[in-house]
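Visitor: Hi, I'm new to this one, could you walk me through it?
Guide: Gladly, let us look at it together.

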Amino acid sequence: MLGKLFKHEFKETGKLLIPLNLVIICYTVIGAIMLGSRLFDDDHFALLAASSLILYILSIFAIFIVTFIFFTVRFYKTMYSSQGYLTHTLPVSTGSIIHTKVLVSVFWVVVTMAVTMFSVFAMVAVTIRTHLSYDSFNSFFMEFFMEFNEEFGMSFGSFLLPIMLLIIVGCFEGMLTVYASLSIGQLFNQYRILAAIVTYVIIHIAVNIMGTVTMFITEFSAMDSLFIAEEFSDSVLGSFYHTLFSVSNIEHIILCIIFYAVLYFLTTRKLNLE
Amino acid sequence: MSTILECKDLCKSYGSKTALHNVNLAIESGHIIGLLGPNGSGKTTLIKLINGLLTPSSGQLYINQNPVGVESKKIVSYLPDHTYLESNLRVRDVFSYFCDFYEDFEEQRAYDMLAKLNINPSDRLKTMSKGTKEKVQLILVMSRRAKLYVLDEPIAGVDPAARDYILNTILSNYDEEATILISTHLISDIENILDQVIFIRQGQICLSSSVDAIRQEQGKSVDALFREVFRC
C-alpha cells in the first residue's frame, strides 16, 4: 500500500514539479548558449545580459515560492480539507500517509535545489570555458581545489559536505514546519487557516531565535580554541568550521523530529475534519 | 447475523458545544437503516466518527468488532455529503485510484454504470454539473463490495429524477449481507427502501426501531412519525 501511495503522490505532484524543473533546464541551456557564443562580450548587449540575469534570478525565486505554496496548499487540501475525506478513508495507516507526503515533497524540493545548483554551476563553467583554452580550463579547477586546500586546510569536498547536509535537513525542516503548523491549525473549529499561519510565524520566529543563540554560544566557545591555539593553523580553522556546522545540523535534525512527532500525533489522534 | 456497527457511550464535543452525547447503538448486518434527524442533530458527526474523520471525545466505536482503523476502512464504503475528489481529475483516473486502494472495488461494474448514464470516462470532474458529480461519487461508492455503506445525504440537492436513479442504484448494487446506513432529512423519498430507522435529536438517539413496527404499532408512516417527533 505504501508503494501505491508513493506512486499516486509522485504522479500528482510531478504534474507541476516536472515542468518547473524543465523550465530551469531550458533557462540553463539558453543561458549557456548565449554565454558560450560570447554574445555578451559586445557592449551593445550589456543591457540584454543584465536583464537576462535578473530574469533568471527572479524566475528561480518564483519557482521556489510556487513549489513551497503548492506543497502547503496540497497538504492542507488533501489532509485537512475536502479531499481529506478521501485520504483518511483509504485503508492505509495515517502514518504511511504522512511518510508519503513528507518524503515526496522533500524529494521534489531537494531535486529542484540540485537542478538549480547544477544550472548555476553549468553557466559559470561555460563562462570560464569560453574565456579560457581547454587546458587552462581544466587547470583552473585543479588550481582552485589545490588553493582551497592550502588556504583552508581542508578539501573542497569536506567543505561542501556539511553544507549539503544542512541544505537537505533544511528542506525537511522547512516542509515539516509548514505541515506541523497546518496540523495545529486543523484543531481549531474556526479560522483554521489563520491559526495555521499564526502557528507558523511563531514557530519560525522561535526557531530563528534559537538558531542564533546556539550559533552565538558555539562560536563563542569554539572561538576560544582559535585564540588558545598558539599558532593560528589551518586545522584549527577546519575544526572550527566543522564544529559550527555539526552543532547546527544536530539542532535542525532535533527540530525535524519534534515537528514530525507533533504532525504524527495530531493527525493520528486528534483529526478534526471540517 | 452479526453486529456490524456498535457504539458505546460515544460522545463528541466541539469546544463547549456537544454534538453527540452518550450514544449507544448496535446495528445488525443485512439491513437498510435510515439515520434521521433535523439539521444539526449530529448525523454527520456520527458518520464522520464511523469513518475516522473525527476522533471521539469519549466512548468506543466498533465496526465488525474492530476499532476504527485500517481494518474498518477496508469494509466501509462512504459517500460524504459534498464533493471530495480533486476536480482536475478525469473519471477514469479516479476509478484507477479506487482500484489501487480498495480490493473490493469492481472496476467493470463502475464503467457499466457510467455507460448507462452516458458519462464519458475521459471527462474531468470540474466540467461536470453538481448532479453528475454526485452520481459519479455514488458509482464509486456502490461499485465496492463493502460490508457497510455509509451514505451521507445522498439525495439532497439533486432533482427528483436523479433521486430515483440514486435510490435504484443503491438497491440494485447492494447484496443481502451488506448493511446500508443512509442519513437524510428527506424521509418520504427514501421511506420505501428502509428496514429500520434511527431518530437522532440534539446528539442523542431518541428512537431505534424497525419500519414495520412503526407502521403496525403506531399506524403511521415514518415521515408522519418524524414530523410528530421533531415538531418545532
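Guide: What follows goes from each chain to the places where parts touch.

Visitor: What should I know before I start reading?
Guide: This is a predicted model, in which local features need pLDDT of at least 70 and side-chain atom pairs count only at pLDDT 80 or more, while totals for chains, interfaces and linings use all residues. Residues are numbered from 1 along each chain as its sequence is written, and chains are lettered from A and ligands numbered from 1 in the order in which they are written.

Visitor: OK, how many helices and strands does chain A have?
Guide: Chain A has 8 helices and 0 strands, where helices (H or I, at least four residues) and strands (E, at least two) are DSSP runs numbered from the N terminus. Read from the N terminus, its elements go α-α-α-α-α-α-α-α.

Visitor: And how many are there in chain B?
Guide: Chain B has 9 helices and 10 strands.

Visitor: What are the spans of the two chains?
Guide: Along the principal axes, the C-alpha atoms of chain A fill a box of roughly 65 × 55 × 35 Å, and the C-alpha trace of chain B spans about 50 × 35 × 35 Å.

Visitor: What share of each chain is buried?
Guide: A residue is buried if 20 or more other C-beta atoms lie within 10 Å of its own, exposed if 12 or fewer, and partly exposed in between, with C-beta atoms placed from the backbone. On that basis 41% of the 232 residues of chain B count as buried, and in chain A buried residues make up 19% of the 274 residues.

Visitor: Which residues have the most contacts inside the largest nonpolar core?
Guide: They are Ile33(B), Ile50(B), Leu148(B), Val150(B) and Ile180(B), in a core of 69 residues. A nonpolar core here is a set of buried Ala, Val, Leu, Ile, Met, Phe, Trp, Tyr and Cys residues joined through C-beta atoms within 7 Å. Helix 5 (residues 130–142) of chain B gives the most to this core, namely 6 residues. Apart from this core lies another, of 24 residues, including Phe75(A) and Trp108(A).

Visitor: What does Ile33(B) touch?
Guide: Not counting residues up to four places away in sequence, Ile33(B) touches, among others, Ile27(B), Ile180(B), Leu194(B) and Val197(B). Two residues are in contact if their C-beta atoms, placed from the backbone, lie within 7 Å.

Visitor: Switching topic, which residues of helix 9 of chain B are buried?
Guide: In helix 9 (residues 222–229) of chain B, the buried residues are Val222(B), Leu225(B) and Phe226(B). They lie on the same side of helix 9 of chain B because they cover an arc of only 100° around the axis, the arc being that of the directions from the helix axis to the C-beta atoms.

Visitor: Why would that happen in a helix?
Guide: An α-helix has 3.6 residues a turn, so residues three or four places apart point the same way.

Visitor: What covers those buried residues of helix 9 of chain B?
Guide: The cover includes strand 3 (32–36), helix 7 (187–190), strand 9 (196–201) and helix 8 (211–218) of chain B.

Visitor: Back to chain A, what domains is it divided into?
Guide: Chain A is divided into domain 1 (1–131) and domain 2 (153–274), with bounds that come from an automatic or database domain assignment. Their C-alpha centres lie 22 Å apart, and the contact between them takes 19 residues from domain 1 of chain A and 17 residues from domain 2 of chain A. On the domain 1 side, the largest share, 9 residues, comes from helix 4 of chain A.

Visitor: How many residues does each chain give to the contact between A and B?
Guide: That contact takes 18 residues from chain A and 22 residues from chain B. Helix 1 (2–36) and helix 3 (84–87) of chain A each supply at least two residues of the side of chain A that touches chain B.

Visitor: Where is Lys4(A), then?
Guide: Lys4(A) is in helix 1 of chain A, and Lys4(A) counts as partly exposed, with 15 other C-beta atoms within 10 Å. Leaving aside neighbours within four places in sequence, Lys4(A) is in contact with Asp100(B) and Phe101(B).
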